[in-house]
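This report describes a single protein model for a reader who works with computed structures. Please keep the sequence and the coordinates in view while reading.

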Amino acid sequence: MKTPLIVTLTLLLTACASSETKPEAKPASTVEAAQPQQIEESRAVAKTLATQLGGKLKESMSKNGPAQSISVCKEIAPQIAADLSKQTGWQVGRVGTRARNAATGVPNAWQAEALASFAERMKNGEKADTMEFAQVVTDSTGKHLHYAKAIAIQPVCLTCHGPADKIADGVKARLNADYPLDRATGYQEGELRGAVVITRPL
């Protein structure tokens, strides 16, 4: 039979061991509504990206044709996003409902949530041009604003993103060369294509 002293020491050692090995609980994340000014500022950056990209694409389509203009979305769009990220200190980019570029176009968890919200709202008759997603999240990495602006398929987009049987052979060849894992075809005009996405530290 153990003496009271041995029992006491055993209990103390067990308690110490348990407290040393017990993992620290991670603080739960909290979500709150974004402020109107935060949304307005984010909206302006998203609009800048869309305007600059649209201008470059229109210019290239006119001068070089559809196949050669694929490089605008492949090379110039990421550069525009990178420049805006540098200017603002935010993370600015684009994601798609179906990825063309697996390196940059695949949504993370909050971006996928935004796209799902857009898809549901479109089912209920809302227009993509008016749709935004914004929330302030506080977690172990800090406090951030997550913002997304919906992108819908426009007529010009169908040149490279439309049904496969309606995409010109030259465009198909270029897409196959540049994006061998491309999934971003088969869209119809007005369908949700993706979003401009911004993560902003607060």
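## The Arg100–Asp182 salt bridge

Arg100 and Asp182 form a salt bridge, with the closest N and O atoms 3.0 Å apart; the term denotes a side-chain nitrogen of Lys or Arg within 4 Å of a carboxyl oxygen of Asp or Glu. Arg100 lies in the loop between strand 2 and helix 4 (109-123), and Asp182 in the loop between helix 6 and strand 5, so the pair ties together parts that are 82 residues apart in sequence. Helices (H or I, at least four residues) and strands (E, at least two) are DSSP runs, numbered from the N terminus.

Arg100 is buried, with a relative accessible area of 12%, whereas Asp182, at 22% relative accessibility, counts as partly exposed. Buried means under 20% relative accessible area, exposed over 50%, and partly exposed in between (1.4 Å probe, protein chains only).

## Basis of the values

The model is predicted: local features need pLDDT of at least 70 and side-chain atom pairs count only at pLDDT 80 or more, while totals for chains, interfaces and linings use all residues. Residues are numbered from 1 along each chain as its sequence is written, and side-chain values use heavy atoms, with hydrogens and water left out.

## Other salt bridges

The structure holds eight salt bridges. One of them joins Glu132 to Arg43, whose closest N and O atoms are 2.7 Å apart. Glu132 belongs to strand 3 (residues 132-139) and Arg43 to helix 2 (residues 36-64), so this pair ties together parts that are 89 residues apart in sequence. Arg43 is partly exposed, its relative accessible area being 36%.

Asp178 pairs with Arg174 at a closest N to O distance of 2.9 Å. Both residues lie in helix 6, four residues apart, about one turn of the helix. Arg174 is partly exposed, at 23% relative accessible area. Lys74, Arg174 and Asp178 are linked in a network of salt bridges. In general, side chains of opposite charge can pair when their charged atoms come close.

In helix 6 (residues 169-178), Val171, Leu175 and Asp178 are buried. These residues cover an arc of only 75° around the axis, which puts them on the same side of helix 6; the arc is that of the directions from the helix axis to the C-beta atoms. The buried residues of helix 6 pack against helix 3 (66-88) and helix 5 (158-161), where contact means heavy atoms within 4.5 Å. Asp169, Asn176 and Ala177 are exposed, on the face turned away from the buried side of helix 6.

An open sheet of five strands has the order 1-3-4-5-2, with antiparallel pairing. Strand 1 (30-32) and strand 2 stand at the edges, each with a single partner strand, so one side of each is left without a neighbour in the sheet. The twist averages 25° from one strand to the next. Two strands count as paired if DSSP finds at least two bridges between them.

Strand 5 is joined to strand 4 (residues 142-152) by nine bridges and to strand 2 (residues 91-96) by six; both pairings are antiparallel. Tyr147 has Ile198 in strand 5 as its bridge partner, Lys149 has Val196, and Gly96 has Gly194. Helix 4 packs on the sheet, touching strand 2, strand 3, strand 4 and strand 5, and its direction makes about 135° with that of strand 5. Axes are lines fitted to C-alpha atoms, for helices over the stretch in contact, and angles run from 0 to 180 degrees between N-to-C directions. Nine of the ten residues of strand 5 (residues 192-201) are buried, so this strand is largely enclosed by the rest of the structure.

## The chain as a whole

The protein chain has six helices and five strands, which follow the pattern α-β-α-α-β-α-β-β-α-α-β along the sequence. Of its 202 residues, 33% count as buried. Among contacts with a separation of 6 or more, 70% are between residues 24 or more positions apart.

The accessible surface of the protein chain comes to about 12,400 Å², of which 57% belongs to carbon and sulfur atoms. Accessible areas come from the Shrake-Rupley method with a 1.4 Å probe; for residues, only the protein chains shown count as cover.
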